[in-house]
Amino acid sequence: MTKHIGILTAGGDSPGLNAAIRGVGKAAQGYYGMQMIGFRDGFRGLVENRTARMDGDVLSGILTRGGTILGTGRDKPHRMTFGGKKQDMTDTIVENYRANHLDALICLGGGGTQKNALQLMQKGLNIITLPKTIDNDVAMTDSTFGFDTALGIATDAIDRLHSTAHSHHRIIVVEIMGHRAGWLALGSGIAGGADVILLPEIPYDLETVAKAIRKRLRSGKNFSIVAVAEGALPKEQALLTRAAEERKLKAEDKKARKQAKQELAILGAANANHTVWLSQRLEELTGLESRVTILGHLQRGGTPSAADRLLATRLGTACADLVAEGHYGVMVAARGEEAVPVPLEEVAGRKKLVPPDHPWVESAKRVGTSFGD
Ligand code: F6P
């Protein structure tokens, strides 16, 4: 019997998604003789049964394209907004899965998608996920597609910032994406030779950062590049945020939970302009002029790197192999040269953060990079 599979992309887009769609689709349809349809705009398209043809001609020529031909969205199946109200749409998803006679649903996404996929698996659907995100923070996989491309873009930006910072004898504080993980700032900071790298996983002391810049000044280097991850915070703010998060986790009733959530929202708003605040404070503490560059969504745009095309193709084709074997309820993880299935329960709800003693951090410290710790 011909197997029918559905595929969707969810969460923030990332380079390599189309390469992965192509990998799954060509292997599933061309190699195994299955049939595949797409759902548009993440889980919302599945709820609304907005399907897309995924025949060979649709899959041709997309390997090098950025973004996702299917569209994406950050909707959660169990809390989807319709007419301003949040509704649990998982039953509708199950109905549409059955109506389309699917044998499996392939979900391409980051941490949030792994959680959503697990919930659908618990509703009885055959699910396989692939790990994508520029943040590289999905648990149980060596890497995620999208990361390598974003790493290249952020590194190129730091290279370019060097010459202007050097010419004007300035500090340039460059904010790099990564959500609450520092992989992208760390990797591009090292590759681009940033003088200071600030990560969410290593809360920093402002005076220590200023000291590192003043030390460079004394040795005749009158410019500095500070690569700051979007989630990085000074020690005091990090402590306050962690305490509020713990209160939210331990909250015994609705009221306590609401209060902790409000505290977190207030802290979040106060930290929203962290990069600008950091730049101003460094100006005051070092006497050097400082400028801010926020790389933002540039880091997610454009054609995927060769490494991401390769990773996405490897994981995508391995996904088709798993469908052929009837092996479901897993994420296809990258482990060295292998693509291995990992139970969704072991992935969902976990984040791969930078260990403060990670070899990349140690190497950066050996070449004199300050982490402000
Ligand atoms: O998860 C990828 C990511 O780019 C994060 O680095 C960033 O925090 C977030 O998405 C931005 O989300 P949005 O595109 O919804 O603004």
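Helix α6 covers residues 147–168, a run of 22 residues. At 1.5 Å a residue, taken times one less than the number of residues, that should span 32 Å, and the end C-alpha atoms are 31 Å apart, which agrees. Helices here are DSSP runs of H or I with at least four residues, strands are runs of E with at least two, and both are numbered from the N terminus.

A word on the source: this is a predicted model, where local features need pLDDT of at least 70, side-chain atom pairs count only at pLDDT 80 or more, and totals for chains, interfaces and linings use all residues. Residues are numbered from 1 along each chain as its sequence is written, and side-chain values use heavy atoms, with hydrogens and water left out.

Back to α6. Its buried residues (under 20% relative accessible area, 1.4 Å probe, protein chains only) include Phe 147, Leu 151, Ile 158 and Leu 161. What do the buried residues of α6 pack against? The partners, in contact through heavy atoms within 4.5 Å, are β8, α7, β10, β11, α12 and α13. Just after α6, His 169 has a positive phi of about 55°.

Next, α9 (residues 235–250) and α10 (residues 254–271): their axes come within 8 Å and cross at roughly 155°. Axes are lines fitted to C-alpha atoms over the stretch in contact, with angles from 0 to 180 degrees between N-to-C directions. That makes α9 roughly antiparallel to α10, the term for angles over 145 degrees. Among the residues making the contact are Leu 240 and Ala 244 of α9 and Leu 264 and Leu 267 of α10.

Note on methods: Buried < 20%, exposed > 50% of the residue type's maximum accessible area, 1.4 Å probe, protein only. Parallel < 35°, antiparallel > 145°, perpendicular 65-115°, else oblique.
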